[in-house]
Amino acid sequence: MRRIYATGETVFDIMFRNGRPEGGNPGGSVLNSAVSLGRLGLRPVFMSDFCNDMIGMEIRHFLEENGVEARQVISDTDMQTSVALAFLDENSNAKYEFYKQRPQQPDLALFSADFRPDDILLFGSFYGIMPEIRAGISHLIRQARQNGAIVVYDPNFRRPHLKDLPRVKGFIEENISLSHIIKGSDEDFGLIFGADTAAEAYGRVRAINPDAMMFYTKGKDGCEYFHNGESRSWSVPKIVPISTIGAGDNFNAGIVHGLILNEIMAADLLGGGISCHKIDDIVDHAVQYSQMCCMSQENYISCRCRKS
């Protein structure tokens, strides 16, 4: 079986609506994706800086209950689990404030995995560009590439980090250069590159990595796809969301699941031999999982979902 590896921050999300806390979930962009993939029976390996405080131990237990193998890549007993406050507006869209501690320098031996050809590495968010652990992230990505794994990157760059862009933009560009698939939202590409359209965003991505496949999401306005000079677009069914937290993360889970179901290998991504039917199927999974998440108070797909 092809293995899925994922690395990203671990936080506990607390949701606020009308100024009052409404609920909380284990969170972090890639963690959300990993939980959905675990609920699909794919047994992903999630690598993160788990803390040994009470919240951290609860999150580890939650991951294991949901079919995710949790690996600690930074073990600093003085750290506490990070918290993210998500303030939901009248359309259930979230604005975030983060309360995080900077991790210690990574042990490169822990930022490592037994990658085999056509395994999948999913990574992104600010964890993928954090200067303090950049050496570990870079080591893991390059190890995946050297061993023939597919690398999927979501910058998931948010406005609270805009002040950090001058010192981390080079890391974002390096991540793009090393990835087979880049998925980003209109907000991501607007903040990072000042891009106003999907075509403009793809132009910036392609200048860095001519072979990259790119998915550009626009929330309720659908998504677009670019690869090897081809482009496509899709609308999405209209829904009334309960919360949009995790929508993009579950789109990523759908991409990864779609790659596996359609037996798409690394050579297919570099060779451009992927049929429109397979791309449609990937996007169908991505949109379905994204919208399923939006119709829930959780950050992941339903435990009952077992689409194949």
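1. Tyrosine 5 lies in strand E1, residues 4-7, where strands (E, at least two residues) and helices (H or I, at least four) are DSSP runs numbered from the N terminus. The model is a predicted one, in which local features need pLDDT of at least 70, side-chain atom pairs count only at pLDDT 80 or more, and totals for chains, interfaces and linings use all residues. Residues are numbered from 1 along each chain as its sequence is written, and side-chain values use heavy atoms, with hydrogens and water left out.

2. Tyrosine 5 counts as buried because its relative accessibility is 3%, the term buried meaning under 20% relative accessible area, exposed over 50% and partly exposed in between, with a 1.4 Å probe and protein chains only. Beyond its neighbours within four places in sequence, the contacts of tyrosine 5 include Val45, Arg71, Phe115 and Leu122, a contact being heavy atoms within 4.5 Å. The C-alpha atom of tyrosine 5 is 6.1 Å from that of phenylalanine 46, although 41 residues separate the two along the chain.

3. Helix H1 (residues 29-39) packs with helix H2 (residues 54-65) at an angle of about 35 degrees, the axes being 9 Å apart; these axes are lines fitted to C-alpha atoms over the stretch in contact, and angles run from 0 to 180 degrees between N-to-C directions. On the H1 side Leu31, Val35 and Arg39 take part, and they meet Ile59, Phe62 and Leu63 of H2.

4. The chain holds 9 helices and 13 strands. Of its 308 residues, 56% are buried, and among contacts between residues at least 6 apart in sequence, 72% join residues at least 24 apart.
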